[in-house]
Amino acid sequence: MTIEQIAKIANTTLNDENSKVFTALKPQIESWLNSDLFLHGGGSKKFSKLYPPLLNPEQIDYYSSDPALCWILNLPLPNTFDFIVFGSHAASLHSAVPAFMGICGVYNICFSRDAINPKQSQNFASQNTNRQNYIDIFKALLQTKQIKDKFGYKKCYLQLSDFFA
């Protein structure tokens, strides 16, 4: 398998950065993409078909991983949350819902378009913005276990709001 084929599977355009990553991890990527788990055992069905992960996410130690590298490899966000809430402003998503969840012992990791990157909120679909959002959310999710333990939260949810252009 060539790095061009890997890039095609990943649905990405080759550049210097991902070419280096694909070349360095080529044996691991090939092994995963040719594995029965990926091909038949739920791997390709369990994960995004448009952007399949190039390594088995179940074997990734997210706590010691570089978020930028995980982005290049199409890895899903660390699964440290219990559920996701999607919505927009003016739907009590930034006031009543977090307050209620807090009373119920549920921690909120909130990301909204303007809160993450207000300078680029008009051009939110750009690749660099999406990459930076992934990295910011990735880092916040890794902190949830410490926050849950320290403050006694029972659950944690990821709130994504105003991500619609």
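Author: A nonpolar core is a set of buried Ala, Val, Leu, Ile, Met, Phe, Trp, Tyr and Cys residues joined through side-chain atoms within 4.5 Å, where buried means under 20% relative accessible area with a 1.4 Å probe, protein chains only. The model is predicted, so local features need pLDDT of at least 70 and side-chain atom pairs count only at pLDDT 80 or more, while totals for chains, interfaces and linings use all residues. Residues are numbered from 1 along each chain as its sequence is written, and side-chain values use heavy atoms, leaving out hydrogens and water.

Reader: Which residues touch the most other members of the largest nonpolar core?

Author: Of its 24 residues, they are Phe-22, Ile-29, Leu-54, Leu-73 and Leu-75. Among the contacts of Leu-54 are Ile-6, Phe-22 and Trp-32; contact means heavy atoms within 4.5 Å.

Reader: What puts the buried residues of H1 on the same side?

Author: In helix H1 (residues 3-10) they are Ile-3, Ile-6, Ala-7 and Ala-10. They cover an arc of only 100° around the axis, which puts them on the same side of H1; the arc is that of the directions from the helix axis to the C-beta atoms. Helices here are DSSP runs (H or I, at least four residues), numbered from the N terminus.

Reader: Why is H2 called roughly perpendicular to H3?

Author: H2 and H3 pack at an angle of about 75°, with their axes 5 Å apart. Angles of 65 to 115 degrees count as roughly perpendicular, so H2 is roughly perpendicular to H3. From H2, Phe-22, Thr-23 and Ala-24 make the contact, and from H3, Lys-26, Pro-27, Gln-28 and Ile-29.

Note on methods: Buried < 20%, exposed > 50% of the residue type's maximum accessible area, 1.4 Å probe, protein only. Helix = DSSP H or I, 4+ residues; strand = E, 2+ residues; numbered from the N terminus. Axes fitted to C-alpha atoms, helices over the stretch in contact; angles between N-to-C directions. Parallel < 35°, antiparallel > 145°, perpendicular 65-115°, else oblique. Lists of a residue's contacts leave out its neighbours within four places in sequence.
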